[in-house]
Amino acid sequence: MSGDAGGVARLRGSAAHRVYSVVVFLILASIDNVAAVLVPPLYAPIARDLAVPESALGLVTAATFLVAAIAAVGWAYVGDRTRRKPVLLVGTLVWAVGTAGTAVSDTYVAFFGAQLVAAIGLGAVASVGFSVVSDLISPKRRGLVMSFWGLSQGAGTLAGTLLAGLLGASDWRRPFVVLAIVGLVATVAYLLTYDIPRGRSEPELAAVFEHGGEYDHRISRSDLPDILRRRTNVWLVLQGVTAQFVFGSLVWLPRLFQAKAEQQGYPEETAIVVGSLFATLFQLGGITSILGGLVGDRLQRRTPRGRALVASIGILGGIPFYVVLFFLPLPIDIGEPDGLGAVVAAALTSLVTQPMVGLSFLAALLALALTSANSPNWFALLADVNPPEHRGTVYSLGNLANGVGRSVGNGVVGLVFRTLEKGGIPPPLNYAIGLAAFQLFFVPTGVMYWLASRTSPRDIESVRHTLRARATAATADGVPPTSGTTEGSTPDSDRRRAR
């Protein structure tokens with residue numbers, strides 16, 4: 001028995017345990033996004049079953065984005081003050097319960113309520129999970145690993161869209177049942193992850209942990225003004241509003257492709273499968289976020305402006321390719337639909353047999369390849385310019401801005417589609433025009449990243465200076481490493497005290 005206990009102790013915190021923990025968090029982040037995008041591809045059958053217009057379901061989607069973002073602030077603040085593992089466990093169970101409730105809802109009110117419960121739980125996964133992952137990896141590899149974090153979220157978006165189309169075309173409840181079961185399995189896997197000490201990956205704090213100490217600084221309400229005075233935080237949070245106007249509108253992409261299929265005479269069930277499948281395929285360019293993270297890491301080693309510059313160029317560069325994607329025709333030849341497999345096979349074949357479909361695929365890859373550089377560099381830069389005890393909360397503030405932007409973008413673009421249709425512009429052209437117009441919001445996003453590139457060098461150095469000072473004070477003259485820790489201490493306030 002003692003040998004088994006010793007083996008477990010050696011495994012805890014080992015490289016293998018860290019890798020396992022990162023993988024579990026990546027999966028959790030992926031499932032988070034599966035839940036977020038599961039409803040839009042199924043608007044038509046859900047609306048028909050619940051006897052409400054599709055716009056009412058658009059309101060549900062917008063509300064869940066907003067509620068998840070607001071809840072994330074509370075989850076993150078608690079996580080930055082206490083042990084993060086129990087917080088994440090409770091959050092995961094809450095969204096699994098909400099997802100299961102969605103599957104059995106037989107009225108619009110019940111459906112709305114279940115989705116809001118799921119959204120509350122989802123807020124914990126993203127915000128607290130980000131804080132943990134930032135402690136599991138060193139700063140020099142932060143862009144690369146955060147690209148996997150962002151990629152997992154993109155993979156969740158793809159999986160959710162595909163899950164909705166393939167499992168939900170004939171029964172919209174089925175995908176929610178599957179997701180609820182997956183959530184419970186993920187909870188069990190999460191129990192075995194490494195409860196990483198806060199600040200463990202920071203080079204400036206290495207001496208503290210080598211002396212057997214801990215980094216015990218915790219956030220308090222008095223820290224919030226200093227967090228907001230850190231100019232890079234302001235730009236990183238605000239860019240999310242305009243960026244998510246665009247990303248929120250893109251959840252309608254399956255509906256655009258569905259309308260293009262319906263325009264060619266295919267029935268709704270077939271068109272839903274086609275729309276979900278092409279939306280999934282056309283988002284594969286998000287895989288290149290790994291390249292964006294690598295480029296950000298490399299450029300960051302040359303200049304502390306690197307990550308923000310990569311994100312700025314990527315966001316602005318993707319705009320024309322998105323616009324081309326929206327307006328290109330999507331000709332497919334399915335013939336007489338003969339089961340799900342035949343529809344999928346015909347749609348995939350059209351990628352090589354129909355030049356316009358292949359060109360649409362290329363435009364989508366380029367658009368996603370460029371804009372996906374935003375994600376890993378945003379995550380990494382947010383960790384770079386904030387001390388460990390602030391990261392979950394600052395991330396949640398950024399996530400709140402993202403949620404507001406995504407909620408508004410998703411809701412308003414629906415109104416734009418209906419207004420265009422009432423004005424005599426039928427589907428799919430109304431969807432194409434509305435989505436293209438929303439690309440304009442990427443312009444201020446790119447500008448704010450450029451502004452962040454000008455302020456981030458000073459803020460990064462401020463955090464490093466503070467961590468070095470704390471480590472020196474904690475290990476000097478044989479003082480126990482944790483005795484110098486305080487609550488409510490920020491880089492700016494520490495520097496003012498030092499002066």
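A cavity here is a set of grid points where a 1.4 Å probe fits but cannot get out. By that rule, the count comes to one cavity of 30 Å³ or more. Please keep in mind that this is a predicted model.

The space in the largest cavity is about 30 Å³. Its lining consists of F25, K85, V132, Y190, T193, Y194, D195 and I196.

Now the second largest pocket, which has a volume of about 340 Å³. Twenty residues line this pocket, and the closest to its centre are P139, Q300, D384, I460 and R464. Which elements give two or more residues to the lining? They are α14 (289-302), α19 (374-384) and α22. Of the elements, α22 gives the most, with six residues.

Next, the nonpolar packing. The largest nonpolar core has 119 residues, and the members that touch the most others are F25, W149, F257, F278 and F326. Helix α6, residues 108-136, supplies the largest share of this core, 13 residues. There is also a second, separate core of eight residues, with L205, F209, A471 and A474 among them. As background, nonpolar side chains in soluble globular proteins tend to be buried together.

What is F25 in contact with, leaving aside its neighbours within four places in sequence? The list is L88, G129, V132, V133, L136, W149 and Y190.

N33 is in helix α2, which spans residues 15-37. Is N33 buried or exposed? N33 has a relative accessible area of 10%, so it counts as buried; the cut-off for buried is under 20%. Setting aside neighbours within four places in sequence, N33 is in contact with Q153, G156 and T157. The C-alpha atoms of N33 and A159 are 8.6 Å apart, while the two residues are 126 apart in sequence.

Another covered element is helix α21, residues 429-438, where seven of the 10 residues are buried. Those are N430, Y431, A432, G434, L435, A436 and F438. What do they pack against? The partners are α11 (231-249), α12 (253-263), α16 (319-327), α20 (391-422) and α22 (442-475). Helix α22 is also the element I mentioned for the pocket lining.

On to charges. Side chains of opposite charge can pair when their charged atoms come close. How many salt bridges does a search of the whole structure find? The search finds 11.

In the pair E268 and R48, the closest N and O atoms are 3.1 Å apart. E268 lies in helix α13 (residues 268-281) and R48 in helix α3 (residues 43-50), so this bridge ties together parts that are 220 residues apart in sequence. E268 is partly exposed at 29% relative accessibility, and R48 is exposed at 54%.

The second pair is R173 with D49, where the closest N and O atoms are 3.1 Å apart. R173 sits in the loop between α7 (142-168) and α8 (174-190), and D49 is in helix α3, so the pair ties together parts 124 residues apart in sequence. Both ends are partly exposed: R173 at 21% and D49 at 43%.

D226 is buried, at 4% relative accessible area. Separately, salt bridges that share partners join E54, R255 and E262 into one network.

Last, confidence. The mean pLDDT of the protein chain is 83, and 91% of its residues reach 70 or more. Residues 1-7 have pLDDT below 50, and this stretch makes zero contacts in the model beyond near neighbours in sequence. Residues 479-489 also stay under 50, yet for them the model has 32 contacts beyond four places in sequence. Where pLDDT is low, the predicted coordinates should not be read in detail.

That is the tour; questions are welcome.

Terms used: Residues numbered from 1 in each chain as written. Predicted model: local features only at pLDDT ≥ 70, side-chain atom pairs only at ≥ 80, totals over all residues. Heavy atoms only, no water. Helix = DSSP H or I, 4+ residues; strand = E, 2+ residues; numbered from the N terminus. Buried < 20%, exposed > 50% of the residue type's maximum accessible area, 1.4 Å probe, protein only. Contact = heavy atoms within 4.5 Å. pLDDT = per-residue confidence, 0-100. Core = buried A, V, L, I, M, F, W, Y, C linked by side-chain atoms within 4.5 Å. Salt bridge = Lys/Arg side-chain N within 4 Å of Asp/Glu carboxyl O. 1 Å grid on protein atoms, 1.4 Å probe; cavity = no way out; pocket = protein on both sides within 12 Å on 5 of 7 lines; lining within 4 Å. Points joined across faces, edges and corners; volume = space filled by probe spheres on them.
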